[in-house]
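Work through each task before reading its solution.

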Amino acid sequence: MTEMLGSQAFDKAAPVTLAASANAVLPGALGNAIGVVLEIAGSSSQVMLDPHVLETFADSADPVVASAGSVGSQIKMRVGGTWLIANIRSLRLVEGTQNRIAAQVDFLGEGDEEKLTGKLYKFRRGVTRYPVPGTQVFPVSTADLKQVYAADDRAFIEIGTVYPTRDIRASLYIDAMLGKHFALLGSTGTGKSTSAALILHKICELAPQGHIVMVDPHGEYAAAFKTNGAIFDVSNLQMPYWLMNFEEHCEVFVTTSGSERQIDADILAKCLLMARGKSRLGQEISKLTVDAPVPYLLSDLTNLIGLEMGKMDRAGDTAPYLRLRTKIEEIKADPRYGFMFSGMLVADTMQSFIERIFRLPGDGKPISIIDVSGVPSDITSVVVAVLSRMVFDFAIWSRNEPKRPILLVCEEAHRYIPNERNADNSSVGRILSRIAKEGRKYGVSLGLITQRPSDLAEGVLSQCGTIISMRLNNDRDQAFVRAAMPEGARGFLDSIPALRNRECIICGEGVAIPIRVSFDGLEEYKRPASDDPLFSQLWREVGSEDQIIARTIKRWRSQGR
């Protein structure tokens with residue numbers, strides 16, 4: 001049952017439940033019972049709560065008991081020798097002989113009852129036996145939640161405290177979270193970048209010989225991983241152009257559209273294959289393809305295009321060849337593209353590039369921060385596509401080798417995997433979508449970080465087994481996340497707009513049950529450079545404006561060099 005009952009739903013039930021048996025089943029005789037089960041319907045059910053009894057718990061020293069009966073809190077009920085735990089999704093007042101509160105609840109799981117003390121232990125997800133209407137409902141205590149959220153013997157990291165408790169630690173099961181991908185969502189200013197850095201720092205501490213590649217479009221994370229990460233940008237990335245496959249070559253070198261684009265692409269495919277085949281490495285491969293990452297000289301490619309152009313009979317037929325050759329020469333001459341198209345990058349450096357970028361071995365620095373903020377905007381998506389595809393292709397072609405799983409983290413993911421409305425049909429969207437669907441089979445994990453989940457491609461978010469949602473202010477984003485989350489987490493989802501900064505809702509494979517978490521603080525030197533400017537303070541500072549402008553113009557003109 002996924003919706004609240006209509007306004008007349010309790011009319012028939014009220015005389016029986018509230019009038020005839022209210023005194024017998026609610027306050028007084030039950031001790032600390034706060035209500036009764038009214039209706040059972042699969043995962044979602046109705047519970048009737050007594051507001052007068054809830055008031056007596058409001059001043060409890062236990063913050064969990066004090067919040068009993070509120071939206072997002074948990075309740076428990078006894079069925080045989082087990083305690084069932086349920087989450088309150090919504091509340092409404094029901095008028096009767098006495099006021100009562102109807103609560104819609106989602107069952108989370110069950111735990112065994114200790115016979116002598118009645119305490120809950122050995123909690124597990126899922127329900128094997130449902131209660132019957134009339135079953136008493138009790139508030140959950142901190143001691144109960146410690147059992148519910150107690151980490152089992154699987155590898156885990158602690159990232160914060162469970163709301164509303166002060167000392168129950170929130171854990172993420174790393175193997176389950178990474179094995180089925182994860183997404184970190186949150187509007188700008190909610191602490192998303194710092195929370196992402198916290199999670200990645202914890203993973204690095206747990207696995208100092210791990211293999212993590214993070215695409216950083218704004219240059220925020222280099223400051224956070226100076227001590228335990230390898231930082232790459234346009235000054236030291238040195239990504240050889242010949243690592244691109246044919247599709248990526250087309251994105252860089254082919255500038256036309258429609259039927260002309262197909263003509264240009266056919267010419268490029270023919271000449272690129274011949275250029276790859278001219279190298280010593282290409283000659284050793286019996287069945288060379290245009291996609292094979294074999295080194296070739298850009299000068300060979302332009303010469304071959306010129307030779308093919310010379311075979312044309314009419315001058316009008318040479319336009320596609322001229323377009324291609326001009327574009328290649330233009331990119332070769334532009335210093336902004338030097339990190340990728342430098343003449344120094346012709347040697348076969350594929351092995352050393354993979355070792356550096358994938359941290360094989362990690363040498364205590366398991367994370368690569370790929371800062372693409374300095375990459376020209378027209379080829380940023382191609383650079384991200386090449387890096388992402390290499391992660392995936394490496395995993396595919398190393399299937400018979402000892403496994404080296406890789407985590408690929410993509411900040412501002414909606415830029416690279418846009419939905420159909422914003423689609424630009426780029427290669428990066430296709431490869432990241434493929435990793436989302438097939439990556440776990442080959443040991444590739446995908447971590448998506450975005451402030452606009454509704455702009456992500458349909459289905460990509462649903463491929464993420466663990467969703468970490470911070471506050472989302474946009475209704476469309478909230479609806480998108482709600483659709484991707486499991487049914488049992490719906491009660492938690494309703495609190496997403498009300499989350500404070502550095503708070504989140506986590507559900508899915510990485511946690512035992514959905515939880516609301518307050519993230520731990522992070523030391524200053526481990527934080528990303530993403531703080532908002534303090535206008536009121538910075539606008540008071542004056543002086544040296546002419547020097548600031550002069551230095552800025554110099555960097556601007558030399559493109560950062």
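Buried means under 20% relative accessible area, exposed over 50%, and partly exposed in between (1.4 Å probe, protein chains only). The model is predicted: local features need pLDDT of at least 70, side-chain atom pairs count only at pLDDT 80 or more, and totals for chains, interfaces and linings use all residues. Residues are numbered from 1 along each chain as its sequence is written, and side-chain values use heavy atoms, with hydrogens and water left out.

**Exercise 1.** State how many salt bridges the rule gives.

Solution. The rule asks for a side-chain nitrogen of Lys or Arg within 4 Å of a carboxyl oxygen of Asp or Glu. Applying it gives 26 salt bridges.

**Exercise 2.** Describe the salt bridge between Lys-270 and Glu-308.

Solution. Step one: the N to O distance is 3.1 Å. Step two: Lys-270 belongs to helix 9 (residues 258-278) and Glu-308 to helix 11 (residues 298-310), 38 residues apart. Helices here are DSSP runs (H or I, at least four residues), strands likewise (E, at least two), numbered from the N terminus. Step three: Glu-308 is buried at 8% relative accessibility, whereas Lys-270 is partly exposed at 47%.
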